[in-house]
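Work through the exercises below with the structure open. Try each task before reading its solution.

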Amino acid sequence: MGGVILKKEFLFQNYEDRLLIRYTLEDAHSATTLRFRPFLAFRSVRQFTHENSTASREYHPVDNGIKTCMYAGYPDLYMQFSKKNEFIFQPDWYRGVEYPKEQERGYASNEDLYVPGYFEMTIKKGESIVFAASTSETKSSGLKKLFEEEVGYRAPRDNFFHCLVNAAHQFHYRIKDDRYILAGYPWFKVRARDTFIALPGLTLSIEEQKYFEYVMASAEKELRAFMAGKPQGKIYEIDKPDVPLWAVWCIQQYAKEVGKEKCLEMYGKLVQDILDYIIKGKHPHLSLEENGLVRTEGRDQAMTWMNSTANGRPVVPRTGFIVEFNALWYNALKFGASLAADAKNSKRAEALEKRAELAKTSFVDTFMNEYGYLYDYVDGTMVDWSVRPNMIFAVAFDYSPLSKDQKKSVLDICTRELLTPKGLRSLSPKSGGYNPIYVGPQTQRDYAYHQGTAWPWLGGFYMEACLKLYKRTRLSFLERQMVGYEDEMAYHALGTISELFDGNPPFHGRGATSFAMNVGEILRALELLEKYQYQF
C-alpha cells in the first residue's frame, strides 16, 4: 500500500477462545502509523445484526487494550495488543456489509457492524505487533511468545502433504479429558460416522497412533453406552445403523498399522461385542435377516451417509438391503473371524466364517446385476438401478464378497461414470435425477446434495480399490488424480479440502470449507500410494 508492505498472519489458539493476528512491517519508506478499527457483531452464527440503539457503547481499559460487551448475556470481548497503543473512542456503525456466499446460498446477506473506535500505534520496519481477541484477558507482554508457540504446534503449510497434516490437526476437539474429531468447519459437530471414517487417515496415516487411541477411547464409551441403551449424546448420530460397522473398519485399519496382537489387546473385545450386538438383533435400526445380510428401514428417515432431507423426508430414500452396509457387514464378519482365530478361539472364528460365507453368497445374488455393477439398495421386489458410488466399498475393503472379475467390472463402471478430479460423483450423469451443481437456496441444495455432486472421501476408497486390483500399474494414474486435490489448497478455504464439489466442470468446491472425511481419506490414499511405490 503506497510503498508500504505489511504482512498479516492469523491463527486460533489451541483449546482457547482466542484469535491471534500478527502484523509485520516488511518495508516502509518513512515513519509508519497503524490504525486498527474493530468491526463487532455480538450475535449467533445463525442471524445478522443491524444498527440499533440497544447496543452498549461502554468500554473499559485493560492491559494494552480494551474490553467491551454490546449486549447483556454475552461474555466480554477483550482486544489487546503486544505493544502500547492509544484507543480513540469514536462509536459508529459500518452499514451494509455484503456476504456473497450467504447470498449464493439463498440466505440473508446484509449486515451492519458496530465500530467502537480505533487503536493507533507506531511501527518500525521489521517490527511485529500481535493482536489478540478473546473472551478472557491475557498478559499483553506474552502475546509475541504465545503466537510463536502456536505456530510451533502447527505443521508448516509448505507443500500439499503438510497442508493436509495441518488441516487434520484442526479437527481435534477436546471436552475435559475426552478427545474427539469434529466433522468439519464451520458448522459441523462431532458425528459418529464421520469420526470412524476419518480417524485412520487423520491419525494413523501421519504416524499419530496415540491420538487415534485417545479418540477411540472416547468413541468406545459412547458406543458401549448406546449399545447398553443409555446413549450419552456427546457424539451425534451414533444411532445410525452403519456406525458400529464403520467402527470395526476403523479398528481394522489400526490392526494393519500396529499389528493384530496390539489390536486384539486394545479393541478385540469391542469388535466381538459389536458383532454380537448386531447378530442378536439389538440394534434399533439394523436387523440381520435369514439370508445373512443386514437390513434397515430408510423410507421415512435418512439412515445412510446420503442423509439430505426435504419437507421432512429423505431426498434419497435408501431402504432395505443397502449395498455399503452389507459390504461393511461382510468385511466385519471376516475381520472378526480373523481376530478370533488369532485369539485361539476357533469355535468363534468358525461361527463367524460360516455367517460370512452365507452373507457372501447372498450379497452377490442380491446386488450384482447383468450390467456388471451393484444395485444401490434392494427392498423386496424393488431394486434401485441408479449408478452410485456406494458400490466401491465392496471393491476397496480388505474382505470383499466379489470375485476378481466382478470387482473389475464394478471399478470400471465407477471410472467411466462417476470419477471426477475431485472424487466420485454421488450419482451417474446417465441416471435419472442427476443434479450436479450445489448452489441456490437450502431446498435447491438439498436436492443436489447426493444427486451428482463429487466427494473426495469416496475418491480415497476408489484409489484403494484401484491399487488392490491393479497394483503398481495404476500408480501414475492415481498420482495424476491427486493433482485435482492439490489444486484445492488455494481455493474455498486455504490449505484444506471442501465438503463437496460440483459434479460437472469446473468442479467448484461447495458446502463446508473443511471436511474431516475428505482430509482423512486423501491422507490415507497418499499413504497407500507411497506403500505401493515401494512394492515389487
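Predicted model: local features only at pLDDT ≥ 70, side-chain atom pairs only at ≥ 80, totals over all residues.

**Exercise 1.** Give the strand order of the open sheet of 6 strands, and say which strands stand at its edges.

*Solution.* Step one is the order: β1-β2-β9-β6-β5-β4, with antiparallel pairing. Step three is the twist, which averages 15° from one strand to the next. Strand β5 (residues 65–68) and strand β6 (residues 77–81) are antiparallel and share 4 bridges. There, I66 stands opposite M79 in β6. Step five is the helix on the sheet. Helix α2 (residues 143–153) packs there and touches β1, β2 (18–27), β6 and β9 (128–134). The direction of α2 makes about 100° with that of β2.

**Exercise 2.** Decide whether helices α8 and α9 are roughly parallel or antiparallel, and sort the residues of their contact by class.

*Solution.* Take the angle first. Helix α8 (residues 323–342) and helix α9 (residues 346–367) pack at about 160°, with axes 8 Å apart. Angles over 145 degrees count as roughly antiparallel, so α8 is roughly antiparallel to α9. Their crossing is left-handed. Now take the residues. Those of α8 include V323, W329, Y330 and L333, while those of α9 include R348, L352, F363 and F367. By class, the contact has 14 nonpolar, 2 polar and 5 charged residues.

**Exercise 3.** Describe how α5 and α6 cross, then find the ring that pairs with W246.

*Solution.* The axes of helix α5 (residues 209–227) and helix α6 (residues 243–258) come within 12 Å and cross at roughly 155°. The two helices are therefore roughly antiparallel. The crossing is left-handed. From α5 come Q209, F212, E213, M216 and L223; from α6 come V243, A247, C250, I251, Y254 and V258. They divide into 9 nonpolar, 1 polar and 1 charged.

Now for the ring. The whole structure holds 38 aromatic pairs. In one of them, the ring centres of W246 and F397 are 5.9 Å apart and the planes lie at 80°, so the pair is edge-to-face. W246 is in helix α6, and F397 is in the loop between α10 (393–396) and α11 (404–417), so the pair ties together parts 151 residues apart in sequence.

**Exercise 4.** Which residues make the contact between α13 and α14, and how many of them are charged?

*Solution.* Begin with the axes. Those of helix α13 (residues 456–470) and helix α14 (residues 475–486) come within 11 Å and cross at roughly 170°. That makes the helices roughly antiparallel. Then list the contact. α13 brings P456, G459, Y462, M463, C466 and L467; α14 brings L475, F477, L478, Q481, M482 and Y485. By class there are 10 nonpolar, 2 polar and no charged residues.

Definitions and conventions: Residues numbered from 1 in each chain as written. Heavy atoms only, no water. Axes fitted to C-alpha atoms, helices over the stretch in contact; angles between N-to-C directions. Parallel < 35°, antiparallel > 145°, perpendicular 65-115°, else oblique. Left-handed = near helix turned anticlockwise from the far one by under 90°. Contact = heavy atoms within 4.5 Å. Nonpolar A, V, L, I, M, F, W, Y, C, P; charged D, E, K, R; others polar. Phe/Tyr/Trp six-rings, centres within 6.5 Å; stacked < 30°, edge-to-face > 60°. Pairing = 2+ DSSP bridges.
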